[in-house]
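Subject: Structure for you to look over

Hello,

Here is the structure I promised to pass on. Please open it alongside this email, and my notes follow below.

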Amino acid sequence: LVRSRGLGDVYKRQDIDNTLTDIEKDLFDIANKYTKKINPNFKDKSPVKFDGFTNMAAFYTDLFGWNNEQLESFFRNERIEIVDKALPRPGVVDVLKKLKDNGNNIYIVTARTDKHDDMPYERAKTWLDKNGIVYDRLIVGATNKVKVCKELGIDVFIDDQLNNCMKISQSGITTIRLTNSKEEYDHVVNMSNFNQIFEYICSLK
């Protein structure tokens, strides 16, 4: 999340997975490999876009037919490896620095919890610091992002998941969905990269 004093006292919120990073394809590839280890007869699934309406754990469980133990193993091992090695999306580091230099407070809010990671805060902080991401505050375990945004007084929300974006937009907060999709939902603004996002935020003066 970002509080922008320099841009008309605007607040903005940003997630990590598939917002600051782009790990969807890597996760899907490793999910196919993981399932083959469990079931040698498994046939690779073609990439399916996570719709953002369902819980991510439920999405993967239904798609690959995992039981709870297999799901837990995937999230605690394979997924964490991808998360740790992920690189920031193009433009992320520079755009966040420019936002900060313009007087914004940057808040990173993620739904990561200790359910599938014993150290969600430490892991996220290590990744942010290692990759030079500037921020003022990191909030983990934000399973209710509307509540978090309201508590922080957020005016602009940035996320990749449609479900999150629609809920935030309906709460009256300006919402940017990071996506290549052209489909429009409510007042959600679609942007495909962080340079576009920066220009849009600047236009909010």
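A residue counts as buried when its relative accessible area is under 20%. Glu-78 has a relative accessible area of 13%, so Glu-78 is buried. This charged residue sits in helix H3. Setting aside neighbours within four places in sequence, Glu-78 is in contact with Ile-30, Tyr-34, Lys-37 and Ser-73.

Before the rest, a word on confidence. This is a predicted model. The average pLDDT for the protein is 86, and 89% of the residues score at least 70. Residues 1-11 are another matter: their pLDDT is below 50. That stretch still has 56 contacts in the model beyond near neighbours in sequence. Where pLDDT is low, the predicted coordinates should not be read in detail.

Overall picture

The protein has eight helices and seven strands. Of its 205 residues, 50% are buried. The accessible surface comes to about 10,400 Å², and carbon and sulfur atoms account for 47% of that. Take the contacts between residues at least 6 apart in sequence: 63% of them join residues at least 24 apart.

One pair brings together two separate parts of the sequence. Val-109 and Val-140 are 31 residues apart in sequence, yet their C-alpha atoms are 6.0 Å apart in space. Val-109 belongs to strand E3, residues 104-109. Its relative accessible area is 1%, so Val-109 is buried.

Helices H3 and H5

Back to H3, which spans residues 68-85. How do H3 and H5 lie relative to each other? The axes of H3 and H5 (residues 120-130) come within 9 Å and cross at roughly 25°. Angles under 35 degrees count as roughly parallel, so H3 and H5 are roughly parallel to each other. On the H3 side, the contact involves Ile-80, Val-83 and Asp-84. On the H5 side, Arg-123, Trp-127 and Lys-130 take part. These residues divide into three nonpolar, three charged and no polar.

Helix H7

Helix H7 covers residues 162-170. Seven of its nine residues are buried, so H7 is largely enclosed by the rest of the structure. The buried ones are Leu-162, Asn-163, Asn-164, Cys-165, Met-166, Ile-168 and Ser-169. What do they pack against? Their partners are helix H6 (145-152), strand E5 (156-159) and strand E6 (174-178). Just after H7, Gly-172 takes a positive phi of about 95°.

Asn-18 is not a glycine, yet its phi is positive, at about 65°. Asn-18 lies in the loop between strand E2 (10-14) and helix H1 (24-38). Is Asn-18 buried or exposed? Its relative accessible area is 8%, so Asn-18 is buried.

Asp-186 also has a positive phi without being a glycine; the value is near 50°. Asp-186 is found in the loop between E6 and strand E7 (189-191). Here the relative accessible area is 48%, so Asp-186 is partly exposed.

Those are my notes. Over to you.

Best wishes

How values were computed. Residues numbered from 1 in each chain as written. Predicted model: local features only at pLDDT ≥ 70, side-chain atom pairs only at ≥ 80, totals over all residues. Heavy atoms only, no water. Axes fitted to C-alpha atoms, helices over the stretch in contact; angles between N-to-C directions. Helix = DSSP H or I, 4+ residues; strand = E, 2+ residues; numbered from the N terminus. Parallel < 35°, antiparallel > 145°, perpendicular 65-115°, else oblique. Contact = heavy atoms within 4.5 Å. pLDDT = per-residue confidence, 0-100. Buried < 20%, exposed > 50% of the residue type's maximum accessible area, 1.4 Å probe, protein only. Areas by Shrake-Rupley, 256 points an atom, 1.4 Å probe, with all protein chains shown as cover.
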